Amino acid sequence: MYNILIEFGVPKRLVRLIKMCLTETFSRVRVGKNLSDMFPIRNGLKQGDALSLLLFNFALEYAIRRVQVNQDGLKLNGTHQLLTYVDDVNILGGSVDTVKKNTEALVSASKEIGLEVNAHKTKYMTVSRDQNAGRIHSMKIDNSSIERVEELKYLGTTLTNQNSIQEKIKSRLKLGNACFYSVQNLLSSRLLSKNLKSKIYRTIILPVALYGCETWSLTLRDERRLRVFENRVLRRVFGLKRDEVTGEWRKLHNE
């Protein structure tokens, strides 16, 4: 780890300070009111330490740079074949064999610096007009099979093998509804002005429902589904409200 930091140009004085922070560290485990004896930490980084995330990024970046990416891989903007966000790594390829080779190279480079790939959390998906594409292939990491899926969630966005956005919209509306119900008491309150309720809608509910919408290619049906959701929220803010006792409808007058 320390050699990696030096290779990235981190001053040796800082490397020595980091080494002092991680050498001869001890921990205890609390279960209820019981506290265990101290035990030494010989592997890994401190949980919850801000330095741990930085060191992990250095180690993963070092492994990625050592991977000899196959030139047959699928490229984004002519260059990128491997997308990384923290510990989420997405390998792109024009075929299952290409992805398999690049995955094996990344796993091998990671092992050299002490990182391990969790095969149970690793998935692969084939995007093709042919629904049977990739079904005859199988992928393994250290004799553990990698599950082939029809859809997966990456960075909060649902991706499907048919590149359909219907599932994405369904997932976002579900989360938007959950957010809406968590603040519906505020939207119905007489103590809050309509202007403040509108701000709650725009700053809390709308970003959740429309996360990643920049990449959506909407049909009329999709637009209708989004409009129904929006109208339902706005009716709570501006529209009529039914009295639970008398059953009569009244107009909201709070300004």
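**Entry 1: overall**

First a reminder to myself that this is a predicted model. I counted eight helices and 13 strands in the protein chain. Of its 255 residues, 30% are buried. I also looked at the contacts with a separation of 6 or more: 53% of them join residues 24 or more positions apart.

**Entry 2**

Two packed helices are described by the angle between their axes and the distance between the axes. I used that for the helices below.

I started with helix α5 (residues 166-182) and α7, whose axes come within 7 Å and cross at roughly 160°. That angle is over 145, the cut-off for roughly antiparallel, so α5 and α7 are roughly antiparallel to each other. On the α5 side I listed Arg 172, Leu 175, Gly 176, Cys 179 and Phe 180; they meet Ile 204, Ile 205, Val 208 and Ala 209 in α7. By class, I get seven nonpolar residues, one polar and one charged in the contact of α5 with α7.

**Entry 3: α7 and α8**

Next came helix α7 (residues 194-209) against helix α8 (residues 220-238). They pack at an angle of about 155°, and their axes are 10 Å apart. I therefore note α7 and α8 as roughly antiparallel to each other. The crossing of α7 past α8 is right-handed. From α7 the contact takes in Lys 194, Lys 197, Ser 198, Tyr 201, Ile 205 and Ala 209, and from α8 Phe 229, Glu 230, Val 233, Leu 234, Val 237 and Phe 238. I sorted the residues where α7 meets α8 into eight nonpolar, one polar and three charged.

**Entry 4: α5 and α8**

How do the axes of α5 and α8 cross? They cross at roughly 5° and come within 11 Å, and that makes α5 roughly parallel to α8. In α5 the contact residues are Gln 166, Ile 169, Lys 170, Leu 173, Gly 176, Asn 177, Phe 180 and Tyr 181; in α8 they are Asp 222, Arg 225, Leu 226, Phe 229, Arg 232, Val 233 and Arg 236. This contact of α5 with α8 divides into seven nonpolar, three polar and five charged residues.

Looking back over my lists, I see Phe 180 in the contact with α7 and again in the contact with α8. Ile 205 and Ala 209 of α7 turn up where α7 meets α5 and where α7 meets α8.

**Entry 5: Ile 204**

I picked out Ile 204, which is found in helix α7. Leaving aside its neighbours within four places in sequence, I find Ile 204 in contact with Cys 179 and Lys 199. Ile 204 and Phe 180 are 24 residues apart in sequence, and I get 8.6 Å between them in space, C-alpha to C-alpha.

**Entry 6: aromatic pairs**

How many aromatic pairs are there? The count comes to two. One is Phe 8 with Phe 58, a tilted pair with 5.3 Å centre to centre and 55° between the planes. Phe 8 lies in the loop between α1 (2-7) and α2 (12-22) and Phe 58 in helix α3 (residues 50-66), so this pair ties together parts that are 50 residues apart in sequence. I have Phe 8 down as partly exposed, with a relative accessible area of 25%.

Phe 180 and Tyr 181 also pair: their ring centres are 5.2 Å apart with the planes at 50°, so I note this pair as tilted. Phe 180 is buried, with a relative accessible area of 2%, whereas Tyr 181 counts as partly exposed at 47% relative accessibility.

**Entry 7: two loop residues**

I found Met 38 in the loop between β3 (34-35) and β4 (39-41). Met 38 is exposed, with a relative accessible area of 51%. Not counting residues up to four places away in sequence, Met 38 touches Phe 26, Ser 27 and Arg 28. C-alpha to C-alpha, Met 38 and Ser 27 are 5.5 Å apart in space, and 11 residues apart in sequence.

Last I looked up Thr 23, in the loop between α2 and β1 (25-27). Thr 23 counts as partly exposed at 39% relative accessibility. Thr 23 and Ile 41 are 18 residues apart in sequence and 8.6 Å apart in space, C-alpha to C-alpha.

Methods
Residues are numbered from 1 along each chain as its sequence is written. This is a predicted model: local features need pLDDT of at least 70, side-chain atom pairs count only at pLDDT 80 or more; totals for chains, interfaces and linings use all residues. Side-chain values use heavy atoms; hydrogens and water are left out. Rings of Phe, Tyr and Trp (its six-membered ring) pair if their centres lie within 6.5 Å; planes under 30 degrees apart count as stacked, over 60 as edge-to-face and the rest as tilted. Helices (H or I, at least four residues) and strands (E, at least two) are DSSP runs, numbered from the N terminus. Buried means under 20% relative accessible area, exposed over 50%, partly exposed in between (1.4 Å probe, protein chains only). Axes are lines fitted to C-alpha atoms, for helices over the stretch in contact, and angles run from 0 to 180 degrees between N-to-C directions. Angles under 35 degrees count as roughly parallel, over 145 as roughly antiparallel, 65 to 115 as roughly perpendicular and the rest as oblique. A crossing is left-handed if the near helix is turned anticlockwise from the far one by less than a right angle, and right-handed if clockwise. Contact means heavy atoms within 4.5 Å. Ala, Val, Leu, Ile, Met, Phe, Trp, Tyr, Cys and Pro count as nonpolar, Asp, Glu, Lys and Arg as charged, and the others, Gly among them, as polar.
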